[in-house]
Amino acid sequence: TKHAKFCASDMDRPLFQACPSELIFRNFSPEQTYKLHLHLHNNDKVSRHVKLELQESQFFRVVPPKNADRKVAPGMSVVYTICFTPQENKDYQHRLVFGTEREWLEVPVRAIGPRALLDFVEEYHFPPCVVKGSTEMTYLVRNIGNSKANFSLQTQRPFSVTPSSGTLDVFESTQVTVTFNPMTVGHHNQDLLLHYHTGEDVSISLSGSCEEVDVHLEPDVVHLTQTYISMSTVNCSVSLINKHSVPLQYCWTPASSIQEEDLDHMRRSSESQQQEEQMKEGDPAGSQRRSALPAAPQPSRCLAVDQLRLSFSHGCVTVEPAEGEIWPNIPIQLTIVFSPKEARFYQETIYCDVTGRESGLALTLMGEALGPNLQPDYNVMDMGEIFMGSSNYYQVQLTNKGLIDAPFRLSRPASRFGGCFCVSPEEGVVPPGHVHTLKVSFVSHACGSFSEQLLLTVEGNPKVVPVTFRGRVIGPSFTLSVSDLDFGVVAFGFPKTLTFSVFNTSCVPLTFSLRILGDGLGPPSVSYKDHLSNMSKNDQQVIAVDKRGQPAEFTISPSSGCASAQSHVLVEVTLCANTVKTYRLALVVDVDGVGEEVRTLPINARCAVPDVVLDTPLLDFQRCFLNRPCVKEVRLTNAGDVPACYSVLDQAHQEQLRLKFPSQPRGVIGPGTSLEIPVCLLALADGTLRHTLHIAVFGSVLPPLEVLISCIGQGPIVELQHRLLDFGKTLVLKDKSRSLQLSNKSPIPAHFTASLSCTKSFWRVEPAEGDIPPGSQSALKVVAHLNDTFRFKDTLTVSVQHGQTHTIPLSAVGTGSPVSSDKAFAPSIDLGSCLSPGSCCYNFRLTNHGQRTRRLYWATEASSNHKRGDVSTPQLTDPRRALRGQKSRGQQVFRLVPSRVELFPGSSSNMVLTGSSDSPRVVRERLVCRTIVDGHSSYEHVHSVDVSCRFMSSLLSFSPEKIDFYTEEVLGQVLQPIYEKLVLNNVSTQSLSLELSLTEPFSLCEAPGSSSSATTKAASLGVGEEAVVWVCFSPPTCVDLISKVLDQVLLVRYLGSSQPVKLHAEVHFPNLTFSSTLLDFGYVLNNSETQRQILMSNCSPLPVSYSWTFL
């Protein structure tokens, strides 16, 4: 604002200060109004605005000053009056918010209602108390306030208060007990906190002092009697003396003070929790079962302490009594029971927790526990020299020199010779004063000196007694039958075997293994047999070194074995060399249990690959037909002194030729011999073809031998019978075929394809492709299908796969008309039978399949003078003149609509042929069609169609032409349906579709008594056929019993017309008629008679029995 630059007030200090800062109403009564004033002081050096933000309240109202809308001068105040009108006696709260130019100022408003007040004294002092004792002080407390008191009391140890909370109405009272229970010596001070529900807190001072008394043990150190484990001794030499004037409580604990006891208890609880967690991890199911058990009740403090003490001493020391009361100057004799569980020296300190002593009285217990005394008859056994694999037996006697049973276990060391010992039994129990004998056996399969300790462990005795066995194990001796192994010269990949014997000259079995030093560690070497059997290999030689190292070229059988005493084993050593070199190696003998390389046998050998010469480096197959095998031979000669293994390498994929081998393309050539390999060539392409055949020698490092193969590929030779096909004049829209012979003059099959050069050709070839066997012939069917009347040309191409391509010119001239009908029309058409008077109709469609526009003109010539179906064609030059001629000769019966039509190429026109006659007769007429082709000025005769039709007055005959139904009522019987037969006969020259219909009570059915009937029925009749229809009459229900006569018709509809069949039905009942239905006697005198006559007649064909009844 414009005054901001003149502001001298600190930004952290408000512009206005409220006085007082809080408004509080006290001691108020309902329905009364109380007022307080609020001063707002301007702390700034310029005039400021202050505005009250209205806060809605039912109980508080603010009265602003008169000049509230004006600024407040610096250092001046503005006064607001706050009015308070309570409705009831309780607490109220409100707040006033004032806004300035820079900030908001909030002033709280409170109304404090009535309060409760308890008459506690300010200080409580307890008299002196012994340590761990207790003193109580009880006071009567009253509510002297003017409101109900909801209060709570709280203090800290060694003080406690009862009750901890409560409620008191006005002037009500209750007892409050404060207990002083000190656990340490000295003066104690604490506060008793009194808290009201209205939020007020009151502190009350508590104080008291504590002191110790004279209580002691005599003696405080006890030496216990020596005791064997699992036995107990009793000592009664300790007294507990009370020099105080009052009885005291005591109990035994493992801790000297309550603090140590709490720490020890926490430590043990933590250990037990860890054990439970470990047990849960090890046995989750068990932990769930333990967690499902109900919790045990908490024992008293002395019992818990006593259990802790027993657990701390490992259950070896028991003090009785464990707790109790000491009367003044009356000593208590304590009994100490010593029950050790293991042999060792015990020294433990336990404490007696006594009321009146801050720390427990210490009692030190010392005692020795004795275990079983089991002694062997010796401690060292010298076994001397022992043959490897022989069995040796020894005995050890154990004597129990103690007073308790001695459970023992004799264990072997986990060393090289320790596993050679066997003890029986390994464990047992020796009673006091008894002797037990153990059997020890020793069998070793390794040589060397040994000194092993068998450990004698006695349960309950921590001292382990060793029994030492020592000696030396010696191995067997052997010799070999040869001094070395000389293989001489070996061929690459051809195995060679030498033998020798291993003689065992000792008296124990000899277990040995043989191996070749310097042999490869890779896969086994490949022999020539493996090379020949594995047709997938394409390598010219075995690669001597692979990723894993040299191949294993030596095979020893057996490579290991066992020779019994004074016997020998025959060994075979096989060398399959895969490396061209000289071998200087050694065979070593390893003896099981003695050592490795005990004996060495030298090995000498040399590996060589012979020279193989190719005698036929060139194979010329000359002319070869495609896919026809041609065979020649390749000759190989082995010029070396050792056998050779050859292999024809797999050929790379060739698209022009393929090589096959009738026999296996791998084999062995003996030293100084020759071998011929048949090669089968299959040419896949025509022309000059060349290929190189590679032959590898197994193990040779030289390049493979190369054989150059050449040939000339020749495809099939096919000759044609004709070089030209002329179809001449050909009727349009009709197929005309010619045959073309193909001759295969080669010894291989010929595959051909035939095609036409024009895209939309008027010829087709069957078949379009095929195969001709060697030396055979095949015929092609060439079909012409023309659509117009001019000359057509095309070219037939016959292509022979891998052979010559032939072309044959095709030609034809179209004749006839390219206009055709979709239905049978020319040269004659019979429209069948038709009702007269009536009309007949025949629809068809004409289509121009030609390539030129055609105009068609139709004319009709009457044929009433024709006899026996002969129809002559008059010479007409103009259709209109022909029509005039027809009118002059008689009435025209048939008409074709439209009579003139123009058909463009591919277009069609719907034609309707109609005929009508007023009288029955047979009519024959001829329709003549001429055309003018686009581009021509003269007419061309196209069609002459003879049309005939038979006009008849009726096409159906009925038998009978009228159907009569007659029925009479029979007393006591119900009227039954009546059935009559109707025969329909088709007397026309065409098939008819009939529809029969009538009305109830007449119906149509298949046979008399049929369960189904209908009022309509459809049927079909061929020429001369007849059909039987049953007409059913169901007499209607006559309530009045009056005779009835019904006349109806059965309508038969066909070809748009109908013929009726009359139906007549009579239903008769016994009926009478009267000349009058009313008798009027007029005036009659009393006691007089009057007569009237009425004529009654029987109007039915049935006799009538009647009787009179007056109603």
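**View 1. E597, a partly exposed residue in a strand.** At 42% relative accessibility, E597 counts as partly exposed in this predicted model. You'll find E597 in strand 45, which covers residues 595–608. For context, most residues other than glycine have a negative phi.

**View 2. N1087, another non-glycine with a positive phi.** Here we're looking at the loop between strand 82 (1072–1074) and strand 83 (1096–1098), and that's where N1087 is found. Phi of N1087 is positive, at about 60°, even though this residue is not a glycine. Is N1087 buried or exposed? With a relative accessible area of 86%, N1087 is exposed.

View 3. C19 and P20 are joined by a cis peptide bond, with omega near -5°. P20 itself lies in the loop that links strand 1 (16–19) with strand 2 (23–25). As a reminder, most peptide bonds are trans.

View 4. From E320 to P321 the peptide bond is cis, and its omega is near -5°. Where does P321 sit? Look in the loop between strand 23 (317–320) and strand 24 (323–326).

**View 5. K132, a buried lysine in a loop.** K132 belongs to the loop between strand 10 (129–130) and strand 11 (135–142). Its relative accessibility is 15%, so K132 counts as buried. Which backbone oxygen lies 3.1 Å from a polar atom of the K132 side chain? That one belongs to R357. The backbone oxygen of E358 also shows up here, 3.5 Å from a polar atom of the K132 side chain.

**View 6. R470 and its contacts from elsewhere in the sequence.** R470 is in strand 36, which spans residues 465–474. This arginine counts as partly exposed, at 40% relative accessibility. Leaving out residues up to four places away in sequence, R470 touches V380, M381, D382, M383, G384, F450 and S451. Take V380 from that list: R470 and V380 are 90 residues apart in sequence, yet 7.9 Å apart in space, C-alpha to C-alpha.

**View 7. Strand 39 and its antiparallel partners.** Strand 39 (residues 496–504) runs antiparallel to strand 37 (residues 478–480), and 3 bridges join the two. How many bridges join strand 39 to strand 43 (residues 568–575)? There are 8, again with the strands running antiparallel. Here F503 stands opposite H568 in strand 43.

**View 8. The largest nonpolar core.** This core has 37 residues, and those with the most contacts inside it are F487, F500, L514, F554, V573, L587 and I603. Strand 44 (residues 582–591) supplies the largest share, 5 residues. Zoom in on L587: leaving aside residues up to four places away in sequence, its contacts include F500, L514, I556, V573 and I603. L587 also touches R515, I516, R599, T600 and L601.

View 9. Across the protein chain, pLDDT averages 82, and 89% of the residues score at least 70. Over residues 537–548, though, pLDDT stays under 50, and the model has 32 contacts beyond four places in sequence for this stretch. Residues 862–889 also have a pLDDT below 50, with 30 contacts in the model beyond near neighbours in sequence.

Notes: Residues are numbered from 1 along each chain as its sequence is written. This is a predicted model: local features need pLDDT of at least 70, side-chain atom pairs count only at pLDDT 80 or more; totals for chains, interfaces and linings use all residues. Side-chain values use heavy atoms; hydrogens and water are left out. Helices (H or I, at least four residues) and strands (E, at least two) are DSSP runs, numbered from the N terminus. Buried means under 20% relative accessible area, exposed over 50%, partly exposed in between (1.4 Å probe, protein chains only). Contact means heavy atoms within 4.5 Å. Two strands pair if DSSP finds at least two bridges between them. pLDDT is the predictor's confidence in each residue, from 0 to 100. A nonpolar core is a set of buried Ala, Val, Leu, Ile, Met, Phe, Trp, Tyr and Cys residues joined through side-chain atoms within 4.5 Å. A polar contact is a pair of N or O atoms within 3.5 Å; within protein, one must be able to donate a hydrogen and the other to accept it, and residues adjacent in sequence count only if both atoms are side-chain atoms.
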